[in-house]
Amino acid sequence: MALRIIFMGTPAFSVATLKALHAAGHHIVAAYSQPPRPGGRRGLDLQKSPVHQAAEELGIEVRHPLNFRDPADREAFAALQADVAVVVAYGLLLPQAILDGTRLGCYNGHASLLPRWRGAAPIQRAIMAGDAETGMMVMKMDKGLDTGPVALTRKIAIAPDMTAGELHDALSLVGAEAMVEAMALLEKGALETVAQPEEGVLYAAKIDKAETRVDFARPAREVHDHIRGLAPFPGAWTEIEVGGKPERVKLLASHLAEADGQRGAPGTLLDDHLTVACGTGAVSLVRLQKAGGKPLDAQDFLRGTPLAKGTVIA
């Protein structure tokens, strides 16, 4: 028999799991998502979240309480008489009344190898730290922040030049498959959980705007990981002088470069192809974007903004 599932998620990352559970034949009794937010070109239109839009396309009722402090919202949740709640990047900490509001509890799809990278930005933090692998975990939720026991783990390698956007898309699909498998086991009464180890806990704090500027004084490996860990959003950035004025430019892709014995102060271009000296080593900038412009490969960027060897960017 199919499970009665409440799905809770908000961004595009969550959509694959919602669709996979629906395709697997489970009865999604409602989808909870963050409320529509102002958006559009002028910020005047209310924009439904990706999960909200996907749920409506599937004919699923959508609910978006601001929080669950109102007893009426908690009662409405319990009244759905769901077997289980599936949570993927919902965006709210759930109170105990919600964690206990279904027959079998709440299961979360989390994008890290717990207990490493608990918290809001596990994909970005894994890349920024230079991790060689990460994964998706299906975890039974408790009142802590990503502290519950783990039911399933799916690992994925992080390629040397992989960006956060690329890893995001890969993990979204892996997570959908893992959650479908977990729910099949739960339906049979065969889903087992294991407590997370107490050692190795790291927190993936939300990305702060203050940390997005590139510091070329750091080693090339750290600069490269910083760039790809923030690509495409919010985007690492530097300032480049254009027409005598500094202009902010996002750096959306890079790779480690061979400096061929050339050295320069951090931020110095070592050639005419956007190879930049770092504290140690160098990186090649592969994809860039001016403010208000579209992303461009390095060659196309240089056509519009010629930068000669010896130029210093910061």
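I looked up L145 to begin with, and at 39% relative accessibility L145 counts as partly exposed, a class that lies between buried (under 20% relative accessible area) and exposed (over 50%), computed with a 1.4 Å probe and protein chains only. L145 is found in the loop between strand 9 (133–140) and strand 10 (150–157); helices (H or I, at least four residues) and strands (E, at least two) are DSSP runs numbered from the N terminus. I noted that L145 makes a nonpolar surface patch of about 350 Å² with L93 and Y203. Patches are made of residues with over 30% relative accessible area and no salt bridge, with like charges joined within 9 Å and nonpolar side chains (Val, Leu, Ile, Met, Phe, Trp, Tyr) within 5 Å; the areas come from the Shrake-Rupley method with a 1.4 Å probe, and for residues only the protein chains shown count as cover.

For the record, I am reading a predicted model, in which local features need pLDDT of at least 70 and side-chain atom pairs count only at pLDDT 80 or more, while totals for chains, interfaces and linings use all residues. Residues are numbered from 1 along each chain as its sequence is written, and side-chain values use heavy atoms, with hydrogens and water left out.

I then turned to the annotation: UniProt, in an unreviewed entry, places the feature "binding site" at S112, L113, L114 and P115, and such annotations may be inferred rather than shown by experiment. S112 is found in the loop between strand 7 (106–110) and strand 8 (118–119), and L114 lies in that loop between strand 7 and strand 8 as well. S112 is buried at 0% relative accessible area, and L114 is buried at 7%. Leaving aside neighbours within four places in sequence, S112 is in contact (heavy atoms within 4.5 Å) with W117, P122, T134, G135, M136 and M137, whereas L114 touches M137, M139, D146 and Q196, not counting residues up to four places away.

Next I went through salt bridges, each a side-chain nitrogen of Lys or Arg within 4 Å of a carboxyl oxygen of Asp or Glu, of which the structure holds 13. D131 forms one with R116, the closest N and O atoms being 2.7 Å apart. D131 lies in the loop between helix 5 and strand 9 and R116 in the loop between strand 7 and strand 8, so the pair ties together parts that are 15 residues apart in sequence. D131 is buried at 11% relative accessible area, while R116 is partly exposed at 31%.

I also checked helix 7 (residues 220–229), where 8 of the 10 residues are buried. These buried residues pack against helix 5 (122–128), helix 6 (164–187), strand 12 (236–242), strand 13 (245–257) and strand 15. Within helix 7, the side chains of D225 and R221 meet in a salt bridge of 3.5 Å, N to O, the two residues being 4 apart, about one turn of the helix. Salt bridges that share partners join R221, D225 and R228 into one network. D225 is buried at 3%, whereas R221 is partly exposed at 40%.

Last, I looked at S284 in strand 15 (residues 282–290), which is buried at 10% relative accessible area. A polar contact of 3.3 Å joins the side chains of S284 and T275; the term covers a pair of N or O atoms within 3.5 Å, where, within protein, one must be able to donate a hydrogen and the other to accept it, and residues adjacent in sequence count only if both atoms are side-chain atoms.
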